[in-house]
Amino acid sequence: MTAQILDGKATAAAIKSELAVRVAALKERGITPGLGTVLVGDDPGSHSYVRGKHRDCAQVGIASIQVELPADATQAEVEAKVRELNEDPACTGYIVQLPLPKGLDANPVLELMDPDKDADGLHPTSLGRLALGIDGPLPCTPFGIVELLRRHGVELNGADVVVVGRGVTVGRSIGLLLTRKSENATVTLCHTGTRDLSAHLRRADIIVAAAGVPYLVKAEDVRPGAAVLDVGVSRTEAGLVGDVHPAVAEVAGWLSPNPGGVGPMTRAMLLNNIVEAAERQAAQL
Ligand SMILES: Nc1nc2c(c(=O)[nH]1)N[C@@H](CN(C=O)c1ccc(C(=O)N[C@@H](CCC(=O)O)C(=O)O)cc1)CN2
């Protein structure tokens, strides 16, 4: 068996075309959505992701506000930038690129954001809304995964989903999305304390590998026909390496590759969150 590809690049392009139409409609009503980004430090991955986010904005007609701080910025300096974006009317939504450099605490920064401008769905209010089933911005990577599966016709209803990794951007929140009535999946969250990871993986209909451990998921861990999404990425001497071993493609029914899978979807759902927030704002006019 060779897995069918869950093509994040093509799916994200289709979503961006749909969003461009909605942005044009907002502009006709005098509303220009604007994405702000706060990028601290010189991590090359974070710089590349943020560049990608602003490139996407230009493609769909969303305005860009870019805030950059050096790696030795203080907690107070980062928080001051967040306060500025809270007050900036041109910025309808924004994100703080994670992780922050060592020595900075992301949680107080996220808490300081205006929840109505949270484009990442990572503010405590947004995560609380998700837990309570109240509409609001959804975390971009989990949202992108759901959308990628949905647009390829991969069944979530009743599926056994095994997630590996408990980071805040994926593992912590994806269970909240996938166990909603609309998705109706059963979710197991595995992490470094999990006793027999292979046993969990082998019974999964869908695997979301978001641990940041090179080739953690091997072909022998995957049930034939399962859908496997490679989310984690590690920078090694051999270049960027995902969490899923290439031989998994011979066993899985569906494979979301890395790159070209969940990454572009994360960016597309960020734009979606910005457009939805602007539409909510337009409905109040
Ligand atoms: N504030 C946030 N920080 C982080 C998030 C997030 O959702 N919000 N997620 C990740 C990084 N991330 C988004 O910021 C991200 C990761 C990957 C991609 C992407 O498009 N990847 C491409 C490859 C790009 C390259 O090689 O440089 C792909 O997978 O094809 C976009 C965004 C952690 N931080």
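Residues are numbered from 1 along each chain as its sequence is written. In this predicted model, local features need pLDDT of at least 70 and side-chain atom pairs count only at pLDDT 80 or more, whereas totals for chains, interfaces and linings use all residues.

The chain is divided into domain 1 (28–117) and domain 2 (140–264), with bounds that come from an automatic or database domain assignment. The C-alpha centres of domain 1 and domain 2 lie 27 Å apart.

Helices and strands are DSSP runs numbered from the N terminus (helices: H or I, at least four residues; strands: E, at least two). Two strands are taken to pair if DSSP finds at least two bridges between them. An open sheet is formed by six strands in the order β1-β11-β8-β7-β5-β6, with parallel pairing. Its edge strands, β1 (4–5) and β6 (186–190), each pair on one side only. Within this order, β5 (residues 160–164) and β7 (residues 206–209) are joined in the parallel sense over four bridges, and V164 has A209 in β7 as its bridge partner. Strands β9 (residues 233–236) and β10 (residues 239–242) run antiparallel and are joined by four bridges. β9 and β10 form a hairpin with two residues between them; R235 has L240 in β10 as its bridge partner.

A nonpolar core is a set of buried Ala, Val, Leu, Ile, Met, Phe, Trp, Tyr and Cys residues joined through C-beta atoms within 7 Å. A residue is buried if 20 or more other C-beta atoms lie within 10 Å of its own, exposed if 12 or fewer, and partly exposed in between, with C-beta atoms placed from the backbone. The largest nonpolar core has 76 residues, of which I207, V208, A209, V228 and L229 touch the most other members. α9 gives the most to this core, with nine residues, and at least three residues are drawn from each of domain 1 and domain 2. Leaving aside neighbours within four places in sequence, V228 is in contact (C-beta atoms, placed from the backbone, within 7 Å) with I207, V217, V222, V244, V248, A252, W254 and L255.

Of the 18 residues around the ligand, S48, Y49, L98, P259 and G263 come nearest; a residue is near a molecule or strand if its C-beta atom, placed from the backbone, lies within 6 Å of it. Two or more residues of the shell come from each of α2 (44–60), β4 (93–96), α6 (140–151) and α9 (262–283). The largest share, four residues, comes from α9. At least three residues of the shell come from each of domain 1 and domain 2.

Most residues other than glycine have a negative phi, and most peptide bonds are trans. A cis peptide bond joins L98 and P99, with omega about 0 degrees; P99 lies in the loop between β4 and α4 (106–112). Another cis peptide bond joins N258 and P259, with omega about 5 degrees, and P259 lies in the loop between β11 (254–256) and α9. N184, in the loop between α7 (171–178) and β6, has a positive phi of about 65 degrees although it is not a glycine. N184 counts as partly exposed because it has 13 C-beta neighbours inside 10 Å.

Notes:
Contact = placed C-beta atoms within 7 Å.
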